[in-house]
Amino acid sequence: MRIANLDGRSTIVTDQGTVDVATASNGAFSASIEKCLSQLDTLQAWFRSAAPQPTTKTTPEELQSSPKLGPIVTPRQVFAIGLNYRQHAAETGMDVPSTPMVFTKFPSAVCGPNADVPVPGPMTDYEAELVVVIGATGRNVREEDAFSVVAGYCVGQDYSERGWQRKDMPPQFSLAKSFTNFAPIGPWLTTLDEVTDPNDLAIGSQLNGVTMQDSRTSDLVFSVPQLIAYLSSVCELQRGDLIFTGTPEGVGQARTPPVFLKPGDEIVTTIGGLGRLRNHATAP
Ligand code: ZN
């Protein structure tokens, strides 16, 4: 199932059109995404058995460009992982970490998939990322049980201001990656059953129509189950939390010469089967 936050209402996305959950279920399920996520299994079972007619004919392709799409969750915690693709570690000249390199994007940076992104400084960079959406509380979750706490996946962009990131020694990531709208997610949540192999998804980004990142999640260093086990050995994972799992090679700062974002730029981020984000950089 694919579930979107359309104009603040939980909306199931089908190839034939969108289904407003509260309307189609006669109020059995809430318009609130948060409430729907708390009963995702029941909602999926209802959707399968009731097979409700779409309430609009908007196709997924049309929908994913809609400015009315909001963030699918309001997370309490946003984890992000550095140097988690082998080729990205290589382009930065760093060794592949022996344990996950964890930082946070503060939750106030989270926004919908097509939000405008004010450019706060001259070294603003892009990072296409597979994002895990947590669906249930979990502490000390074993790798083999990891998917029991996952609601699904979405596309994410980990915007970063590299000047802020390297302002002090040692470098400090979290503020540099938490400016306004620096964490767009979406276009919707895709539940686990719709993703056949999360370890081999095409992931990429385009800047003004030019491909900048073009990789596959098979290059990940630490898998989603490994990340969940590691993070939950310290923090209690909670429904709606996000894990930005890292970016593949091709980021702006690793290029010669470096490429950074400026007002007017268009950044498109895609993951095969999960959809697309489209952001425009604006003046601060
Ligand atoms: Zn990142």
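D7 lies in the loop between strand 1 (2–6) and strand 2 (9–14), where helices (H or I, at least four residues) and strands (E, at least two) are DSSP runs numbered from the N terminus. The structure is a predicted model, in which local features need pLDDT of at least 70 and side-chain atom pairs count only at pLDDT 80 or more, while totals for chains, interfaces and linings use all residues. Residues are numbered from 1 along each chain as its sequence is written, and side-chain values use heavy atoms, with hydrogens and water left out. The phi angle of D7 is near 55°, a positive value in a residue other than glycine, and D7 is exposed at a relative accessible area of 53% (buried means under 20% relative accessible area, exposed over 50%, and partly exposed in between, with a 1.4 Å probe and protein chains only).

A zinc ion is coordinated by E127 (OE), E129 (OE) and D158 (OD) at 1.9 to 2.1 Å, donors being N, O and S atoms within 2.8 Å of the metal (3.2 Å for Na, K and Ca); water is not among the atoms, so sites may look incomplete. Along the chain, the donors of the zinc ion follow the spacing E-x1-E-x28-D.

The loop between helix 6 (162–165) and strand 13 (183–191) holds P170, which is joined to M169 by a cis peptide bond with omega of about -5°. N181 is found in the loop between helix 6 and strand 13, and its phi is near 60°, a positive value in a residue other than glycine.

An open sheet is formed by 5 strands in the order 8-18-17-14-15, with mixed pairing; two strands pair if DSSP finds at least two bridges between them. Strand 8 (117–118) and strand 15 (210–216) stand at the edges with a single partner strand each, so one side of each is left without a neighbour in the sheet. Strand 17 (residues 266–271) pairs with strand 18 (residues 275–282) in the antiparallel sense over 6 bridges, and I271 stands opposite G275 in strand 18. In the loop between strand 16 (242–244) and strand 17 lies P257, and the peptide bond from T256 to P257 is cis, with omega near -10°.
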